Amino acid sequence: MTDATQVAAAASSRDPAVGLAAVASLRGLLESLEELQVTNARAQGWSWQQIADVLRVSRQAVHKKYRRFGF
Amino acid sequence: MFERFTEKARLVVVGAQKQARERGADAIRSEHLLAALFAVPDNLAVTVLGALGVDRDVVEAEVGKLRPDGTPIPDAEALATLGIDLDEVRRQVEEAFGPGALDRTRAAAGRRPRGHIPFDRTAKKVMELALREALHLKHNYIGTEHILLGMLHSATGAAHDILVSRGVRQDATRIIVEELVRGRRAG
């Protein structure tokens, strides 16, 4: 990223519309990546406890969130 | 209600859904109906708007400007402000999990409006008022011209504001519609 782009990014992120949208998009990306990784881990035979440990959340949290995926 | 719509008016409704989806909107709003008018060839609403000096380019420019108020900023653009290159993330993920992996997740599907996008309050209002306009003009069908007139009632959203800002007035438009309808088939 060039200096000019960084400056532009820093300036524009003071606009709540841009800054909040960035957070929302980041959250969306996070959700997609987590789902992919949890799916993959289950496919490779990981237990909910193992997944939870690496994600640094409780086993209940990860199980509750992904049990509807049927794995 | 839709059974009284002309073929072209139906195409406008279908087109509005396409407009909303392409613009990443989570609902069909009045401005999507307005933009959709210009995607249906040879319709009365566009003829009337042309006579009033409003063409496709004008509407595209105005609807495009609405984004910060209504339609969300696209993810790639929003993430770029944080220095995250979404295309690169997608490329890396697809390398590990296969083509389309990131966009195929349920999380992504939940965020992206698919199939049916609902009409928001302003678009519903336009359709209701289109029906009322048709009744008022004693027309037994709802055509693109009635959809246009529906937009011109006050408090019906961005389409109304765009048209009014361009000097399009309800009473004048109604007169032009009545004259044109006398001269040609509905559309």
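Which helices of chain B do the buried residues of H11(B) pack against? They pack against H2, H4, H9 and H10 of chain B. A residue is termed buried if 20 or more other C-beta atoms lie within 10 Å of its own, exposed if 12 or fewer do, and partly exposed in between, with C-beta atoms placed from the backbone. Packing is judged by contact, and two residues are in contact if their C-beta atoms, placed from the backbone, lie within 7 Å. Helices (H or I, at least four residues) and strands (E, at least two) are DSSP runs numbered from the N terminus.

The structure is a predicted model, in which local features need pLDDT of at least 70 and side-chain atom pairs count only at pLDDT 80 or more, while totals for chains, interfaces and linings use all residues. Residues are numbered from 1 along each chain as its sequence is written, and chains are lettered from A and ligands numbered from 1 in the order in which they are written. The pLDDT is the predictor's confidence in each residue, from 0 to 100. Its mean is 84 in chain A, where 82% of residues reach 70 or more. For chain B the mean pLDDT is 88, and 91% of residues reach 70 or more. The model scores ipTM 0.76 and pTM 0.61.

Chain A contains 4 helices and 0 strands, in the order α-α-α-α along the sequence. Among the elements of chain A, the lowest mean pLDDT, 50, belongs to helix H1 (residues 3-12), and the highest, 96, to helix H3 (residues 48-55). Of the 71 residues in chain A, 11% are buried. Chain B has 12 helices and 0 strands, and 39% of its 187 residues count as buried. Among contacts in chain B between residues at least 6 apart in sequence, 70% join residues at least 24 apart.

The contact between the chains takes 16 residues from chain A and 19 residues from chain B. On the side of chain A that touches chain B, H1 and helix H2 (16-43) of chain A each supply at least two residues. H2(A) gives the most to this side, with 12 residues. The residues of this side of chain A divide into 9 nonpolar, 5 polar and 2 charged. In this division Ala, Val, Leu, Ile, Met, Phe, Trp, Tyr, Cys and Pro count as nonpolar, Asp, Glu, Lys and Arg as charged, and the others, Gly among them, as polar.

Within chain B, helix H2 (residues 30-37) is largely enclosed by the rest of the structure, because 8 of its 8 residues are buried. These buried residues include Ser30(B), Leu33(B) and Leu34(B). The buried residues of H2(B) pack against helix H1 (7-22), helix H3 (44-51), helix H4 (56-65), helix H9 (121-136), helix H10 (144-151) and helix H11 (158-165) of chain B.

A nonpolar core is a set of buried Ala, Val, Leu, Ile, Met, Phe, Trp, Tyr and Cys residues joined through C-beta atoms within 7 Å. The largest such core has 40 residues, and those with the most contacts inside it are Leu33(B), Leu34(B), Val126(B), Ile147(B), Leu148(B) and Met151(B). H1, H2, H3, H4, H9, H10 and H11 of chain B each supply at least two residues of this core, and the largest share, 6 residues, comes from H9(B). A second, separate core of 7 residues includes Leu29(A), Ile73(B), Ala78(B) and Leu79(B). Leaving aside neighbours within four places in sequence, Met151(B) is in contact with residues including Ser30(B), Leu33(B), Leu34(B), Val126(B) and Leu163(B).

The buried residues of H11(B) are Ala158(B), Ala159(B), His160(B), Ile162(B) and Leu163(B). After H11(B) comes Gly167(B), with a positive phi near 80 degrees. His146(B) lies in helix H10 of chain B and counts as buried because it has 31 C-beta neighbours inside 10 Å. Apart from neighbours within four places in sequence, His146(B) is in contact with Ala130(B), Glu133(B) and Ala134(B). His146(B) and Arg132(B) are 14 residues apart in sequence and 8.4 Å apart in space, C-alpha to C-alpha.

The buried residues of H1(B) include Lys8(B), Ala9(B) and Val12(B), and what covers the buried residues of H1(B) includes H2, H9 and H10 of chain B. Just after H1(B), Gly24(B) has a positive phi of about 70 degrees.
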